Amino acid sequence: MVFYTGQQLSYIKVPNIIITMSLYAAGLNAWSQLDFDTTKKDQQPDDIFTFTCLLEDKDIDYIRPFPSYTLVYTTTTPFSPTYTAGLVPKLHQQLSTSHPDHYHHFAEASNDIVVVPNHPTNPHPLQYPSLTTLLSPSSQPISYPTLHLAQVTPYATGFLALSPQNPTSSPGATPATPPSSPALVPLPTPHHPHPIPDLSSLPTGPVTKLSSSPSGCLVAALTAGHDLYLWGHPSRCSTWYPDIPDSPEPVVIGDDNEKDIKDVAVGQSHVLVLTTDDEIWGRGDNSSGQLGLGRETKLVTEWTRLKGEFDHDKKKIKGVWAGERNSFVVVQP
Amino acid sequence: MEKEETADPLRKLIDHGNSFISRYYSHYEESAPILEGCGEPLVELLVRQAQLMSMATPDHDLIKRRLDDILSASYNKFYAYLYKDLPPCWRLLYTEAAILKFWVLVFEWARSRQPELIRKRVWDKMEWEDFELDTPARREEVHEINARFEKQPKGTPPRNMGSAVWHQLTQLSMRTEVGGVHVRRSREASSRVRERLQEWQRRNEQEDGQQGPEQQQQKREREEELLNDMVKTLDLALILAGGGGKHDEIHGYVALLEKAASLPSNDNSPDKISSKPSESETPRQDPSLGRTRTTSLTQPPTKRARLSLPPPTNPSSTIDGWLPLNASGELVGPVAISDEPPVNTQQQTPIITQKPPNWSSHPSFSPYEPFTPPVTSPIPRLPSPSLTTFQSHLSSPTPQPLILTSLVPSWPALAARPWSKPSYLLSRTFSGRRLIPVEIGRSYVDEGWSQKILPFSEFLSTYITSPSESKGYLAQHQLFAQLPQLRSDITIPDLCYTSPANRPDGTPELEEPMLNAWFGPPGTITPLHTDPYHNLLVQVVGRKYVRLYPPGAGVKRRGEEAGVDMGNTAAFDVGVLEGWDEATGEGGDEEEKEFKRLEYVDCILEPGETLYIPVGWWHYVRGLSVSFSVSFWWN
C-alpha cells in the first residue's frame with residue numbers, strides 16, 4: 001500500500017490493510033487436492049468435513065477442480081495456475097507442456113471425450129475422442145466451424161456449452177449442447193450441437209453460466225436476472241434429488257423469500273448455490289464432506305444453508321466451484 | 001485334503017486374507033496393464049489402500065471410505081458409456097476395490113468373532129514394523145550375538161564364557177518371528193511391540209465396551225451387518241461389474257465366508273464344523289470360550305519366545321492364546337498358506353459333501369393363479385425329439401414353435417434339489433443373503449418401472465411369498481454365473497448344440513448357450529418382443545402363458561425411447577388389448593383392429609415342459625402362478 005501525500009515523495013506502509021482473498025474448501029482430499037500447504041506429507045490424507053480456509057492470496061481469480069487435483073488461478077498470471085494441489089495425471093501433465101493453450105481451455109467428459117471450446121489460433125470448438133488421441137500427433141478432431149462457445153461444462157456423456165451469440169434468438173448467451181441431446185440421454189455417439197429450446201427466451205434474460213454434474217444427473221443454468229434453472233436425469237440422482245425435472249425449470253431457494261442467485265456449481269452428487277446476499281445453499285451427498293456439513297451428515301435432500309467461517313461478518317463471496325466430490329468458496333474482502 | 005476339511009474355516013479365511021494383502025503386489029501386477037486405462041490417480045489410490053491394509057493397525061474406516069470413492073468413481077463410468085463400449089479397466093477397478101473392501105470387512109468381522117486370530121495378525125505386523133525401525137548398528141549388534149549363539153547347543157553357555165556374560169547375552173536378544181521368519185531381536189524391541197499391542201487391545205476393549213447380554217446382542221447384530229456387507233460388496237461386483245473377469249476368485253471367497261459364517265461366534269474347535277447347520281448363531285457353551293478371552297488379553301511378556309520351542313505335544317489344543325497352529329499342531333504363518341489355490345466352489349457346497357437333506361417335507365410355493373387366460377391356438381406338444389429330428393426342424397426355412405414335454409426330466413431342480421421350495425433356494429443363497437437384481441413394475445415398458453438390487457430373502461418375502469402391490473421380477477439375469485451352486489441343478493439341453501441355419505445379421509455367434517433365469521410372482525409380464533437367438537424356455541416352477549407371433553406377422557414395432565432403441569418390442573400391449581390388464585396409456589381402436597387381425601399361437605407352459613421359440617418370433621410371456629423358468633439362447 002503506497003500513499004502519496006502532497007508533493008513530498010513519502011509513503012506510509014499500512015501493515016494490516018493488505019487486502020487478501022481466502023479460499024475455503026471442503027470434501028474429498030484423497031490425493032491431497034485440498035492441501036496447498038506443500039510441507040504436509042500425509043500418506044493417506046483425510047477428507048475435510050467443514051469449510052476450511054486453505055489459501056490466501058490478494059487476487060484469487062478462479063478455481064479448476066479436477067478429480068485428483070486442484071488448480072487455483074490468480075489475476076496476475078491469468079493463463080497459468082498459481083497454485084496446484086493433489087496428483088496431476090500424466091496425460092494432463094503432457095497436455096499442459098505440449099499444448100498449453102488446449103490445457104487452459106479443455107473440458108473432459110466422463111466418457112473420455114474432450115472438447116477444446118476455443119483456442120488462440122482457432123476460435124471454433126474442437127472435439128477429440130479422448131486426451132490420448134488429442135496428444136497423438138496424427139489426431140483429427142471433429143470441428144464445429146459455425147460455432148463460437150464461451151463456456152463448456154462436461155457431464156457423463158457429452159457437454160453443455162454457452163455460445164455468445166445465437167443466430168436464431170435474441171443476442172446474448174444461449175446454451176447449445178454439443179455431443180448430446182438436451183434431455184441428458186446417454187448417447188455417446190457424436191451429435192451435432194443444437195440449442196436447448198427451453199432456454200432460448202427466459203423471462204430474466206439469457207443464460208450466463210452453466211454447470212453440470214459429471215455423473216449426468218443434474219444441469220444448472222443461471223440467467224442474467226439471477227434466476228436458477230435446474231434439470232436432469234431423475235434415476236441418476238434418485239438418492240438426493242428424486243424430483244429433478246427432466247427439462248429446465250426455475251428453482252426457488254431461501255427460507256422466507258425467494259433469493260436471487262449469483263453463482264452455481266454442480267459436483268458428482270451435490271450442488272452449491274451462491275445468493276446475491278452472499279449466502280451459500282446446497283443439497284446432495286455429504287459423505288466426503290463436500291457440503292461442509294460435518295462427518296455425521298451423509299446426505300441432505302432439501303436445500304440447506306451451508307455455513308462456515310466465510311459467513312462471519314457478512315463477508316463478500318466471489319464465487320463457488322465444485323469438484324466431483326468437493327467444494328470451493330472464494331471470499332473477497 | 002482331509003486336513004483342509006478339519007481346519008478352522010474362519011482361520012482359513014483370515015489366512016487367505018493375510019496372504020492376499022501381503023502378496024497384493026503380485027496380485028495387482030496381473031491387473032496392472034488393464035488398470036492403466038483408469039488413469040494413475042485411481043490406481044495409486046487402490047494400491048495405497050492395499051499397502052495401508054498390510055500395516056499393523058490401519059484406519060479401517062478411512063480405507064473403506066477410500067475404497068468406496070474408487071467404487072463410486074468406477075460405477076459412474078458404467079453410466080457414461082454404452083455397456084459394450086465401457087473400457088475394461090473400469091469393471092476390473094470396481095472389482096479390485098470391491099475385493100479389497102471385502103477383506104477389510106472380513107478383518108473387522110473376524111476381530112469381533114475371534115479376536116485372537118486378528119491379534120496374531122496385528123502382532124505379526126507390529127513385530128515387522130518394529131524390525132523395520134531397527135538401525136543398521138542395532139541389527140549388526142544382534143547379528144553378532146546371534147552368530148555366537150548359533151554355534152552353541154541350546155541353553156548352554158559357550159565354553160570360556162562366564163555365566164554372567166551368558167546371562168547378559170540372553171537379555172540382549174531373543175528369538176522371535178518376523179514376517180514368518182525366525183530372527184533374533186533385542187528384548188527392548190520385544191517390549192516395545194508388546195506395549196503397542198497392549199495399547200491396541202485397550203483401544204479395542206474401549207470400543208467394544210462392556211460384555212453384558214445387551215452388548216452381546218449388539219455385537220451379534222454388528223456381526224450380521226458386516227456379514228451382509230461382505231456378501232453385498234462381492235455380489236455388487238458380480239452383478240454391476242460382471243465380476244471384472246474374477247468370477248472364480250469371488251466365488252471362492254464367498255464359499256470360504258459361508259463356511260466361516262456357519263460357525264457360532266468365538267468357537268473354533270475343529271470337530272464342530274461339519275455338523276453345524278448354517279443358520280445357527282447361538283453361542284456354544286464351550287469351556288475354551290472363556291479361557292481364550294482371559295488368557296489372550298493378559299499374555300505374559302515372554303509368550304512369543306515360545307515360538308522357538310517345539311510345538312505343544314497335544315495337537316488338539318489349537319486355542320492356545322494366539323499361537324498360529326493348525327490342527328496338527330504345526331505353525332501356520334501368513335506365508336505358509338500363501339500358495340493355496342482359490343477354493344473350488346463346487347466342493348464347498350454342503351449339499352454335495354453331506355448327505356442330501358430331504359426337502360419333500362418343506363413347503364412349496366403357492367400354486368395360486370389369480371388369472372388364467374384362455375389358450376386359443378395351442379402350440380403342438382411332443383415328448384422329446386432326437387438331435388437329428390430337431391436339427392432338421394431347425395433347418396426348415398420357417399421352423400415352428402414346439403413344446404417338448406420331456407426334454408429335462410432328470411433335472412435335479414425339478415426333484416432332489418427342488419426350486420419349488422423356498423427353503424431350498426434360501427439354502428443355496430447363503431441363507432438368502434445373496435443379492436439379485438429385480439425389476440420392479442408390471443412390465444418394462446410401463447411408467448415407473450425400475451430395477452433394484454436386493455437380498456434374495458427380501459425378494460422372496462416381499463414379492464413372492466406374500467401378496468405385494470408392486471411386482472418384483474428377477475428377469476433376464478445370468479443368475480447361474482453369479483450363483484454356480486444353482487447351476488449344477490440344471491443341465492444345458494443337447495438341443496442347444498445344434499446349428500440353426502438362420503442367424504440374424506450382425507448378431508455374433510455365441511460360443512456357449514446363454515442362460516438366463518426368470519423368477520417372479522403371478523402376473524409378471526414380458527411384453528411382446530423378439531430376440532436375436534433361438535430360445536428354449538424351460539419351465540421349472542409354476543405355470544406361464546406364452547403367446548407367439550411369427551416374424552412376418554406384421555407386428556408394429558416401438559421406436560427409440562429416451563435414447564434407447566426399443567425396436568425389438570411391439571408397440572401394443574397384448575394384455576391390455578385382450579382386456580386382461582388395465583390400460584396405462586392411450587390405445588386407439590385402429591390399433592385394436594390391427595392387433596385382432598394378427599395370427600398367433602399360444603400355450604400354458606407346465607413345470608418340466610420346454611418351449612422352443614424360433615429366432616425372430618415375437619413372444620409375450622405372462623407368469624400365472626409363482627414361476628421360475630430358465631431360458632437357453634443359442635444361434
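Helices here are DSSP runs of H or I with at least four residues, strands are E runs of at least two, and both are numbered from the N terminus. The model is predicted, so local features need pLDDT of at least 70 and side-chain atom pairs pLDDT 80 or more, while totals for chains, interfaces and linings use all residues. Residues count from 1 along each chain as its sequence is written, and chains are lettered from A in the order written.

**Exercise 1. Describe residues 226-277 of chain A.**

Step 1: The end C-alpha atoms of this span lie 12 Å apart.
Step 2: Its content is 0% helix and 37% strand.

**Exercise 2. How do α5(B) and α6(B) cross?**

Step 1: Take α5 (residues 60-80) and α6 (residues 88-113) of chain B; their axes, lines fitted to C-alpha atoms over the stretch in contact, come within 9 Å and cross at roughly 155°.
Step 2: Therefore α5(B) is roughly antiparallel to α6(B), a label for angles over 145 degrees.

**Exercise 3. Summarise chain B and its contact with chain A.**

Step 1: Count 22 helices and 17 strands in chain B.
Step 2: Of its 635 residues, 38% are buried, with 20 or more other C-beta atoms within 10 Å of their own.
Step 3: Finally, the contact between the chains takes 23 residues from chain A and 19 residues from chain B.

Key
Axes are lines fitted to C-alpha atoms, for helices over the stretch in contact, and angles run from 0 to 180 degrees between N-to-C directions. Angles under 35 degrees count as roughly parallel, over 145 as roughly antiparallel, 65 to 115 as roughly perpendicular and the rest as oblique. Two residues are in contact if their C-beta atoms, placed from the backbone, lie within 7 Å. A residue is buried if 20 or more other C-beta atoms lie within 10 Å of its own, exposed if 12 or fewer, and partly exposed in between; C-beta atoms are placed from the backbone.
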